[in-house]
Amino acid sequence: MAVPPKVSKELLDMLNDAIAREISVSVSYMWQHVQMTGIQGFAVKDEIKKIAIVEMKHAEDIAERLVYLGGKPTTKPSPITVGETLRDMLEINTGLEVEAIELYRKIIDKAKDEGDIVTAQLFRKILADEEEHHDTFSGLLE
């Protein structure tokens, strides 16, 4: 039977921060999707719905890893921000993705420092998704 790597409380806390963030953005994006109206909203609402589902899957993947490492996943999201107009929403989302990219790069570095290559690999994959989401939202803003 495989033994989970010993990781610091700091890394476990960072994973919980990531879970809280993923729960928050999945709710934000889902509410944006259902509230979008007009021709502009129609053009982007399905893309935002797809991204919301990806973010939800990230939360699940991170939670599974956290439990394996001996942690307990949070059920509390980070603050949820939806926005009023399509422009507001896209600006908020672009900023949320920047925050995720910064956090996930720190988690990758921390996991590598602690010899937890599986967590580092998981977050490299998630980071690639977040960079793609950032590109999507910033592109839609233009």
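1. Read along the sequence, the chain goes α-α-α-α: four helices and zero strands. Helices here are DSSP runs of H or I with at least four residues, strands are runs of E with at least two, and both are numbered from the N terminus. The radius of gyration is 16 Å, close to the 14 Å that the globule rule gives for 142 residues, so the chain is as compact as a globular protein of that length. (That radius is taken over C-alpha atoms, and the rule is 2.2 Å times the number of residues to the power 0.38.)

2. A word on what you're looking at: this is a predicted model, where local features need pLDDT of at least 70 and side-chain atom pairs count only at pLDDT 80 or more, while totals for chains, interfaces and linings use all residues. Residues are numbered from 1 along each chain as its sequence is written, and side-chain values use heavy atoms, leaving out hydrogens and water.

3. Along its principal axes, the C-alpha trace spans about 55 × 25 × 25 Å. Of the 142 residues, 44% count as buried, meaning under 20% relative accessible area with a 1.4 Å probe, protein chains only. Take the contacts (heavy atoms within 4.5 Å) between residues at least 6 apart in sequence: 81% of them join residues at least 24 apart.

4. Glu 22 is worth a click. This residue is in helix H1 and is buried, with a relative accessible area of 0%. Leaving aside residues up to four places away in sequence, Glu 22 touches Glu 55, His 58, Ala 59, Ile 62, Tyr 104, Ile 126 and Glu 130.

5. Finally, the largest pocket holds about 160 Å³ of space. Helices H1 (9-35) and H3 (86-113) are the elements that give two or more residues to its lining, and H1 gives the most, with five. The lining residues divide into four nonpolar, four polar and three charged; among them are Asp 17, Arg 21, Pro 79 and Glu 99.

Definitions and conventions. 1 Å grid on protein atoms, 1.4 Å probe; cavity = no way out; pocket = protein on both sides within 12 Å on 5 of 7 lines; lining within 4 Å. Points joined across faces, edges and corners; volume = space filled by probe spheres on them. Nonpolar A, V, L, I, M, F, W, Y, C, P; charged D, E, K, R; others polar. Buried < 20%, exposed > 50% of the residue type's maximum accessible area, 1.4 Å probe, protein only.
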